[in-house]
Amino acid sequence: MVQTSVTGSAVHSRRGSVTRKVRAYVELTKPRVLELLLVTTVPVMILAQGGVPNLWLVLATVVGGAMSAGSAAAFNMYLDRDIDAHMRRTEKRPIVTGEVSPRAALVFAWTLAVASTVWLLLTTNWLAATLSAVAIFFYVVIYTIILKRRTEQNIVWGGIAGCFPVLIGWSAVTGSLTWTPFILFLLVFLWTPPHYWPLSMKYKGDYQEADVPMLGATRDGLQVGLQVILYAWATVASSLLLIPVAGMGIVYTASALVFGGWFIVESHVLYNRAARGEQIRPMRVFHASITYLTLLFVAIAVDPLLPF
């Protein structure tokens, strides 16, 4: 009876260990970033098709894109493990805590990179697969290795990597690229700074301690707030370009104006609080930016399905 209890406890312990290990590897892929991948990829595929695309193609593209983004994230954690250990926001990442060794994380990152490229090549087309590989290169080499620790404009240009899902989704459906996906690329490009800079304001001390020159850590709230306003206005302006170029209907038009107006108002609130010397609430803009982009891309998905 005692032996059975001990054996059961050992099995339970092994299962718990496996579960923790799996969870650690999933954490390497930055799951919250993968949510953004879904938000931007699927609606663009619907827009490219002018209706509901082949569901197998959608699944294949999302799976390939998720592996690609997960690979880039794992490379990023491997390369940034030294600064992650000095930041409250990242100190519990798997490599820092020792749940995954640096070598294992690097092997995992390379495995996902190769698998995602081959998968997209076999299930979509060469253009989508190539764009996926370029996105990984941009995030790992251009952003993480070259820009992140050298310039406060790191997220502006490094954010280009996050714009690739719209190109991948469009090319997976059409096998080509037109002005429409490039406008969406511009939209996400301009959206990234006012999305991320408020977060860097929240964790200003962490970035300063880790010696990472994020704008929110190197400039005061007034200067950052002004930059957030300028990029928010530019983001909304770029969203309106999609109306004549892609022939968007009333649902998207109304959404771009209403949600875009709200995003701009929130950015002005951030600036005004800084100008008056009041307590700044940067995470309010951070969360607003996520909601804005999500609702806008939902409108992109719904608009082609309606007769008006």
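The structure is a predicted model, in which local features need pLDDT of at least 70 and side-chain atom pairs count only at pLDDT 80 or more, whereas totals for chains, interfaces and linings use all residues. Residues are numbered from 1 along each chain as its sequence is written, and side-chain values use heavy atoms, with hydrogens and water left out.

The chain contains 15 helices and zero strands, where helices (H or I, at least four residues) and strands (E, at least two) are DSSP runs numbered from the N terminus. The C-alpha trace spans about 70 × 55 × 40 Å along its principal axes. Among contacts (heavy atoms within 4.5 Å) between residues at least 6 apart in sequence, 74% join residues at least 24 apart.

Within this chain, H195 belongs to helix α10, which covers residues 179–202, and H195 is buried because its relative accessible area is 13%. When its neighbours within four places in sequence are left aside, H195 is in contact with F286, S289 and I290. With S289 there is also a polar contact between the two side chains, at 2.8 Å; such a contact is a pair of N or O atoms within 3.5 Å, of which, within protein, one must be able to donate a hydrogen and the other to accept it, while residues adjacent in sequence count only if both atoms are side-chain atoms.

Note on methods:
Buried < 20%, exposed > 50% of the residue type's maximum accessible area, 1.4 Å probe, protein only.
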